[in-house]
There are 2 protein chains.
Amino acid sequence: MQVWKDYQEQHKDKFLNELLELLRIPSVSARSEHKEDMIKCATKVKERLLEAGATTVEIYPTPGHPVVYGEKLIDPSKPTVLVYGHYDVQPPDPLELWHSGPFEPVIKDGKIFARGACDDKGQFYMHVKAFETMVQTDSLPVNIKFLIEGEEEIGSRNLSDFVQSHKDLLKADVILISDTAMLSLENPSIDVGVRGLTYIQVEITGPNRDLHSGVYGGAVANPITILAKMIASLHDENNHITIPGFYDDVVTVPDAERAALAKAPYDEAEYKTDLGVSELWGEKGYTTNERTGIRPTLELNGIWGGYTGEGAKTVLPSKAFAKISCRLVPNQKSEKMTEVLVEHLRKIAPPYVQFKATPDHGGDPYMTPVDSVEYKAASKAIEATFGKTPIPVRGGGSIPITALFESALNCKTIFLGFGLDSDNLHSPNEKFNVANFYKGIETIPYFHKFYAEMKK
Amino acid sequence: MQVWKDYQEQHKDKFLNELLELLRIPSVSARSEHKEDMIKCATKVKERLLEAGATTVEIYPTPGHPVVYGEKLIDPSKPTVLVYGHYDVQPPDPLELWHSGPFEPVIKDGKIFARGACDDKGQFYMHVKAFETMVQTDSLPVNIKFLIEGEEEIGSRNLSDFVQSHKDLLKADVILISDTAMLSLENPSIDVGVRGLTYIQVEITGPNRDLHSGVYGGAVANPITILAKMIASLHDENNHITIPGFYDDVVTVPDAERAALAKAPYDEAEYKTDLGVSELWGEKGYTTNERTGIRPTLELNGIWGGYTGEGAKTVLPSKAFAKISCRLVPNQKSEKMTEVLVEHLRKIAPPYVQFKATPDHGGDPYMTPVDSVEYKAASKAIEATFGKTPIPVRGGGSIPITALFESALNCKTIFLGFGLDSDNLHSPNEKFNVANFYKGIETIPYFHKFYAEMKK
């Protein structure tokens, strides 16, 4: 479609500058001090959707951060695509490891460095600009709805209520999400599954106050030591998770699918060099791609307790804390697995400490069938702009809301991700390649076109 | 000595107010931002020593915080007592657990609440006021030297150089230190030993940057998990320390001494209630008093890594850290044990992480012989003011410099402590009972008197 290409070529600088403007807003959903920034960001998203051609855009307040909804409905006989994305970002810590300010986007070597560059401002904004392309060239082939939320990074806490109470508003034939990665521009891929999640915070209390480690050390349980023992026991010598019942609901992936997954390009030496590790670690019996795709995991996301400042303090602390999350695969259910995890930890907490767990957020795993019209339209769109058939892969991350979309809206989700695993999501120096940003804007209209044609 | 009693009774309010003034100076040696406060505190100590009757007081700069030295030499034929103490204090964190400001001393229920109230401003200041009592009543029985340093809480880093290069200045017959506890005013005791110390910081590095725990989780070692496994392995199921060679130099305490130690009043139910724990923890085969007195220990003083803020962040961190210290008993040597600890940790660090250890500070254990003139003078002083023979006990804490005093100055150290184990040393709401403060001032002159008489 030359008309799309021309429009995009003409406006490429504008597209990029608008994204940079969005990236300058520190919309960190996890931190209450950014409440105003969240509203500012939602307002900016609304403005941009209206400019792009949406006929209606509303900011819906929630008990947490607001949801932005926009639409352009052209013809009830045409299919409706619901684009989901999120304008909130992960906290930028640790700040000292960023080469430039997380909210002062910098373009260097063809990469946009900023918190949210890829996850997910850069990616949902491709949809806004693809939408603009189609509207401005008078070639929109479908009805489009946008649902851009502000709580994805904190588990979409209020989105399920919103979805349940706005089923008619959100009614669609397919949900389209760009919040995942592809292997590379040379090896385009489509995620056919995302893992589920359960996330908890654990608090271990030993003595009722911080103690002098000389006066009391050796006579009372140190909560750090106890927490370490509990954590250490969660993986066995083969790095299997030891929690009874943890694997009960895991569906065995057929050999054929494992063989297909094994075809994805993977260079172990390169992978290790990129991460700066001399040896990999993981569950025995599975490849790296399987460990991050088809297998559930348990990771420590944070730990703290006692004195963590400069110099020395000989304290035996009262408390130690950890943040623990599990990635889940079909057919593990987040609620059940949270309970399995918490109850196991409660059981192994020894009697000389007090145990407390606070569930944070979660979501069920989700799979897109590769034989569906939706997947085929996505695959054909990639072919149109990349000249290659995309490889179906399993993504390691989680988009907790997708399982709910399926049950509440009764439609499938397509993960049309243009990020890269190396984009430092959730890490310092998050980036998004400018080329991927433009490639996404170029590809997305084709999805709508092919989907409209196939659904006829 | 009625004249002492009268003087102290007349000046009791002044004594207390002067201490409160000292406690208002946040002399936290571990934190570089308190450098000026350290100088301010040293200057105040100098002023007070001069006012009390010292003929010379000097502030000696060191590469770290300054040392205050003062003296009043009355007669070369009389014995010389070197009083050692420290004007620096532990960091006050965690601040939110203090009921009143750590540097805004408050007297409540007969207790002085402030950082340093007991450790060691309140205790060394008893010596300044006892000295004043004797000088002002013209009854000083010995030559007195004061060595009040500013780096005890960070391992007396520069004091050993100072002592080595000022042996003549510091020459004495005995060293007197009030920086320990007694069982209670009803059951006075004298510490006949303090444990040694080794303190290190450990850094475990996994991947070269923080990673998304979904994208990489399961495929690369999580430094928190690895650190937890390493820590967990340091104690076996009987809470013995598993480090090879750790116990090699530990002198077996004779049954007779263990029996004597067992006579110290100890109420397990009360101990547990005070600490708020339902079960105690410790090395199998030893009592609580033995665990904190005659046995070496390994404690985690701090741990941190990954996301420790509000809410959730699904990060697989690059690094995890811990502060680990061991209390040592005769004849373990701090330097050797630091090496044993570090080398063991290095050995058990698996190949998929990088290990780094930074030794912080340490000191050797120290014992005072109970059959010495020094001990007898101290025992008799306690008898004079408490009406009871003190119980000799082993202290759990460490005063790293004592072993050096013995080797460099060739004299014994007496620990004449008036604190209580429940004084929350190194913890929020550190306190010192006003009664103990006055009892110390009352008792100390008797030590000098009896020591002068016995040394004749």
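Q: Which residue of E11(B) stands opposite Ile303(A)?
A: Strands of a sheet pair through backbone hydrogen bonds, either parallel or antiparallel. Here Ile303(A) faces Gly305(B) in E11(B). Helices (H or I, at least four residues) and strands (E, at least two) are DSSP runs, numbered from the N terminus. This is a predicted model, in which local features need pLDDT of at least 70 and side-chain atom pairs count only at pLDDT 80 or more, while totals for chains, interfaces and linings use all residues. Residues are numbered from 1 along each chain as its sequence is written, and chains are lettered from A and ligands numbered from 1 in the order in which they are written.

Q: How many bridges join E11(A) to E11 of chain B, and in which direction do they run?
A: Two strands pair if DSSP finds at least two bridges between them. E11(A) and strand E11 (residues 297-306) of chain B share 5 bridges and run antiparallel.

Q: What is the order of the strands in the open sheet of 8?
A: Read across: E14(A)-E9(A)-E13(A)-E11(A)-E11(B)-E13(B)-E9(B)-E14(B), with antiparallel pairing. E14 of chain A and strand E14 (354-363) of chain B are the edges, each pairing on one side only. On average, neighbouring strands here are turned by 20° against each other, direction ignored. Axes are lines fitted to C-alpha atoms, for helices over the stretch in contact, and angles run from 0 to 180 degrees between N-to-C directions.

Q: How many bridges join E11(B) to E13 of chain B?
A: There are 8, and E11(B) runs antiparallel to strand E13 (residues 319-328) of chain B. Within this pairing, Gly302(B) stands opposite Lys323(B) in E13(B).

Q: Which strands does helix H7 of chain B touch where it packs on the sheet?
A: Helix H7 (residues 223-232) of chain B touches E11 of chain A, together with strand E9 (196-205), E11 and E13 of chain B. Its direction makes about 15° with that of E13(B).

Q: How many residues does the contact take from chain A and from chain B?
A: Two residues are in contact if their C-beta atoms, placed from the backbone, lie within 7 Å. The contact takes 82 residues from chain A and 82 residues from chain B. On the side of chain A that touches chain B, elements giving two or more residues include helix H6 (223-232), helix H9 (288-293) and strand E11 (297-306) of chain A. E11(A) gives the most, with 9 residues. By class, that side has 31 nonpolar, 34 polar and 17 charged residues. Ala, Val, Leu, Ile, Met, Phe, Trp, Tyr, Cys and Pro count as nonpolar, Asp, Glu, Lys and Arg as charged, and the others, Gly among them, as polar.

Q: At what angle do helix H1 of chain A and H13(A) pack?
A: Helix H1 (residues 2-23) of chain A packs on H13(A) at about 135°, with their axes 11 Å apart. Angles under 35 degrees count as roughly parallel, over 145 as roughly antiparallel, 65 to 115 as roughly perpendicular and the rest as oblique. H1(A) and H13(A) are therefore oblique to each other. Residues of H1(A) in the contact include Trp4(A) and Phe15(A), and those of H13(A) include Phe437(A) and Ile441(A). The contact has 9 nonpolar, 1 polar and 2 charged residues.

Q: Are H2(A) and H3(A) roughly parallel or oblique?
A: Helix H2 (residues 35-52) of chain A and helix H3 (residues 121-136) of chain A pack at about 20°, with axes 8 Å apart. That makes H2(A) roughly parallel to H3(A). H2(A) brings Arg48(A), Leu49(A) and Ala52(A), while H3(A) brings Val128(A), Phe131(A), Glu132(A) and Val135(A). These divide into 5 nonpolar, no polar and 2 charged.
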